[in-house]
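Visitor: I am new to this structure and would like to learn how to read it. Could you take me through it step by step?

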Amino acid sequence: MSRNYDCDTVEVALRKRVDGRMNNLTKFQINRPAHEVFEAFVDPAKIGNFWFSSSSARWEVGKNITLFYDIYNAEVGITVHEIQVNKRIVFQWAGEENTVTITLNALDEAKTIIEVNEEGFQEDDPGLLQKMIDNKEGWVYVLSCLKGYLEHGINTLREGLVK
């Protein structure tokens, strides 16, 4: 038996209310310890192996960080709001209302569930559905590159995305 879904049904399935704003949650299991997953994000020497080309500084609470993406001649700023070493990173994209919370849940000494929750999407935005789909696609891609890097030493995946 097949089911037909309209856009409104799909949109409702994609979002969850958080303080009146919409969020987008992406989860992956990374077969590495939580401290290695944490360091991949906050260490400027490591982030270039799976996400942006480089980071202007180590991520610390209160810091404004510039993330560079050389292949696209682009950069974006973030402000780091919270760090719980090996457990949680919260940052906000510069010039945007969206906040990203990265939570690391250690399953054991060698496996981590990473959750990326981006919130701040406006429910009344006519482009909401496409923005949330693009956002989900982006985080799935970042976490796939992270998994390839940490589990298999592959550090060339991030430059493969074509949009």
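Guide: Gladly, and let us start with a pair of strands. In β5, Thr 79 is the bridge partner of Asn 64. This is a predicted model, where local features need pLDDT of at least 70 and side-chain atom pairs count only at pLDDT 80 or more, while totals for chains, interfaces and linings use all residues. Residues are numbered from 1 along each chain as its sequence is written, and side-chain values use heavy atoms, leaving out hydrogens and water.

Visitor: How many bridges join β4 to β5?

Guide: Two strands pair if DSSP finds at least two bridges between them. Strands (E, at least two residues) and helices (H or I, at least four) are DSSP runs, numbered from the N terminus. Here, β4 and β5 run antiparallel and are joined by 6 bridges. Their hairpin has 4 residues between the strands, and Asn 73 takes a positive phi near 50 degrees there.

Visitor: Which strand pairs with β5 (residues 74-84) over 6 bridges in the antiparallel sense?

Guide: That is β6, residues 88-93. Ile 78 has Trp 93 in β6 as its bridge partner, and Ile 83 stands opposite Ile 89. The β5 and β6 hairpin has 3 residues between its strands, with Asn 86 in the turn at a positive phi of about 65 degrees. Next, β6 pairs with β7 (residues 99-106), again in the antiparallel sense, over 5 bridges. Ile 89 stands opposite Ile 102 in β7.

Visitor: Which residues touch the most other members of the largest nonpolar core?

Guide: A nonpolar core is a set of buried Ala, Val, Leu, Ile, Met, Phe, Trp, Tyr and Cys residues joined through side-chain atoms within 4.5 Å. Buried means under 20% relative accessible area, exposed over 50%, and partly exposed in between (1.4 Å probe, protein chains only). In this core of 33 residues, they are Phe 50, Trp 51, Trp 59, Phe 91, Ile 114 and Leu 146. The helix α4 gives the most to this core, with 7 residues.

Visitor: Is Asn 49 buried or exposed?

Guide: Asn 49 counts as buried because its relative accessibility is 18%. Asn 49 is found in the loop between α3 (44-47) and β3 (54-55). A polar contact is a pair of N or O atoms within 3.5 Å; within protein, one must be able to donate a hydrogen and the other to accept it, and residues adjacent in sequence count only if both atoms are side-chain atoms. The side chain of Asn 49 makes such a contact with that of Tyr 149 at 3.3 Å, and with that of Asn 155 at 3.2 Å.
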